[in-house]
Amino acid sequence: MADQDYRRMQEVLARHDFHFKKKYGQNFLTRPQLLNDIADGAKVTESDTVIEIGPGAGTLTRVLAERAKRVIAIEIDEKLIPVLDETLADCDNVTVINADILKVDLDELVSDESVKVVANLPYYITTPIIMGLLEKNFPFENITVMVQKEVAERMEAVAGSKDYGALSLAVEYYTRPQILFYVPPEYFVPRPKVGSAVISLEKKDLTDQMREQAPEVFTVIRAAFNQRRKSMVNALSNAAVFGASREEIAGALEAAGLEAGIRAEKLTLDDFIRLTECLKG
Ligand code: SAM
């Protein structure tokens with residue numbers, strides 16, 4: 001870490017008697033080059049509204065504010081609000097909201113505008129944050145986030161690989177994912193135990209039909225991966241998905257051209273969509 005940036009951040013945090021909290025996944029960034037690389041990856045322009053999840057001490061927020069029309073930064077830790085008031089004092093286009101991202105209605109914060117989501121995410125809630133943004137149909141153009149390396153690989157995973165699961169399928173359904181670069185632990189304060197990666201999720205233009213059928217497709221996907229070691233016919237029967245009997249599920253698998261003994265990890269997104277249609281019959 002560049003010594004001078006690190007010292008400046010530590011000095012502000014110490015003055016506000018701030019102590020890093022593990023429970024909030026607080027691992028901060030200060031290296032200017034990395035902050036710029038994240039903003040570049042997000043393709044932030046002056047017509048964009050950026051939602052930043054967890055601004056921390058505001059280092060990434062400031063870089064985003066220099067490029068965007070406005071930044072809405074949502075931070076759960078009230079101890080960081082006076083820190084942000086100080087570090088972002090000269091950034092007129094930033095609004096800091098002290099709230100839990102999982103409880104905020106983001107649609108109320110933005111109207112008809114181009115929105116990009118950018119964050120060095122708190123790793124303990126990466127999946128609910130990403131699934132929430134995708135499934136609530138929040139109108140973002142892209143999401144660019146730092147996540148644990150393994151989670152980035154799960155998001156990009158394809159059928160048949162060990163990392164493949166409900167998260168990979170949700171990411172594929174709604175977006176085009178691309179891991180932009182990897183980041184080692186020493187780039188954070190304090191250092192996390194895991195490696196990290198910045199991933200970009202570009203929103204796809206979904207048809208109305210894709211949007212409408214999503215809840216049903218994901219009911220099937222979740223039931224299948226909740227018991228990923230079992231055959232599809234067993235996993236879906238145990239979950240009694242759509243109230244279907246074992247025979248009906250076996251019939252739907254056959255109609256979709258899938259073997260009853262196949263496991264969830266072998267099915268592509270198209271297989272799950274076809275199977276859902278057959279199950280609804
Ligand atoms: N953006 C800063 C940076 O890169 O230096 C901090 C990133 S740190 C990995 C994650 C941030 O998310 C912390 O500031 C933490 O307090 C905040 N956070 C954790 N849980 C949150 C939640 N549920 N809602 C909003 N912010 C949260």
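Helices here are DSSP runs of H or I with at least four residues, numbered from the N terminus. By that rule Glu153 and Lys149 share helix H7 (residues 149-156), where they stand four residues apart, about one turn of the helix. The model described is a predicted one. Its secondary structure amounts to 12 helices and nine strands, and the protein is divided into domain 1 (3-205) and domain 2 (209-280).

**Overall layout**

- The C-alpha atoms of the protein occupy a box of roughly 65 × 40 × 30 Å along the principal axes.
- Of the 281 residues in the protein, 48% are buried.
- Among contacts with a separation of 6 or more, 68% are between residues 24 or more positions apart.
- The centres of domain 1 and domain 2, taken over C-alpha atoms, are separated by 33 Å.
- In the contact between the two domains, domain 1 takes part with 14 residues and domain 2 with 18 residues.

**Nonpolar cores**

- The largest nonpolar core consists of 66 residues, and Ile130, Met232, Leu236, Phe272 and Leu275 have the most contacts inside it.
- Helix H9 (residues 208-226) supplies the largest share of this core, with eight residues.
- The core lies between domain 1 (3-205) and domain 2 (209-280), because both domains give residues to it.
- Another core, of 34 residues, lies apart from the largest one and includes Val50, Val83, Val118 and Val198.
- Phe272 touches Leu169, Val217, Val220, Ile221, Ala224, Phe225, Met232, Ala264 and Leu267, with residues up to four places away in sequence left out of the list.

**Helix H8**

- Helix H8 (residues 166-174) is largely enclosed by the rest of the structure, because eight of its nine residues are buried.
- The buried residues of H8 are Ala166, Leu167, Ser168, Leu169, Ala170, Val171, Tyr173 and Tyr174.
- These buried residues pack against helix H6 (126-135), H7, strand S7 (175-183), S9, H9 and helix H12 (269-280).

**Ser200**

- Ser200 belongs to strand S9 (residues 196-203).
- With a relative accessible area of 5%, Ser200 is buried, since the cut-off for buried is under 20%.
- Neighbours within four places in sequence aside, Ser200 contacts Ile143, Thr144, Arg176, Pro177, Gln178 and Leu180.

**Salt bridges**

- The whole structure holds 16 salt bridges.
- Glu11 and Arg15 form one of the salt bridges through their side chains, at 2.9 Å from N to O.
- Glu11 and Arg15 are about one helical turn apart, because they are four residues apart in helix H1 (residues 3-15).
- Both ends of this pair are partly exposed, Glu11 with a relative accessible area of 43% and Arg15 with 46%.
- A network of salt bridges links Glu11, Arg15 and Glu86.
- Arg70 and Glu113 form a salt bridge in which the closest N and O atoms are 3.2 Å apart.
- Arg70 is in strand S3 (residues 70-75) and Glu113 is in the loop between helix H5 (106-109) and strand S5 (115-120), so this pair ties together parts that are 43 residues apart in sequence.
- Arg70 counts as partly exposed, at 27% relative accessibility.
- Within helix H7 (residues 149-156), Glu153 forms a salt bridge with Lys149, the closest N and O atoms being 3.8 Å apart.
- Glu153 is partly exposed at 25% relative accessibility, and Lys149 is partly exposed with a relative accessible area of 30%.

**Largest pocket**

- The largest pocket holds about 700 Å³ of space.
- The largest pocket is lined by 37 residues, of which Tyr24, Gly25, Gln26, Asn27 and Pro122 are the closest to its centre.
- Strand S1 (28-29), strand S2 (49-53), helix H3 (59-67) and S3 are the elements that give two or more residues to the lining of the largest pocket.
- Strand S3 (residues 70-75) also contains Arg70, the partner of Glu113 in the salt bridge described above.

Definitions and conventions: Residues numbered from 1 in each chain as written. Predicted model: local features only at pLDDT ≥ 70, side-chain atom pairs only at ≥ 80, totals over all residues. Heavy atoms only, no water. Core = buried A, V, L, I, M, F, W, Y, C linked by side-chain atoms within 4.5 Å. Buried < 20%, exposed > 50% of the residue type's maximum accessible area, 1.4 Å probe, protein only. Domains from an automatic or database assignment. Contact = heavy atoms within 4.5 Å. Salt bridge = Lys/Arg side-chain N within 4 Å of Asp/Glu carboxyl O. 1 Å grid on protein atoms, 1.4 Å probe; cavity = no way out; pocket = protein on both sides within 12 Å on 5 of 7 lines; lining within 4 Å. Points joined across faces, edges and corners; volume = space filled by probe spheres on them.
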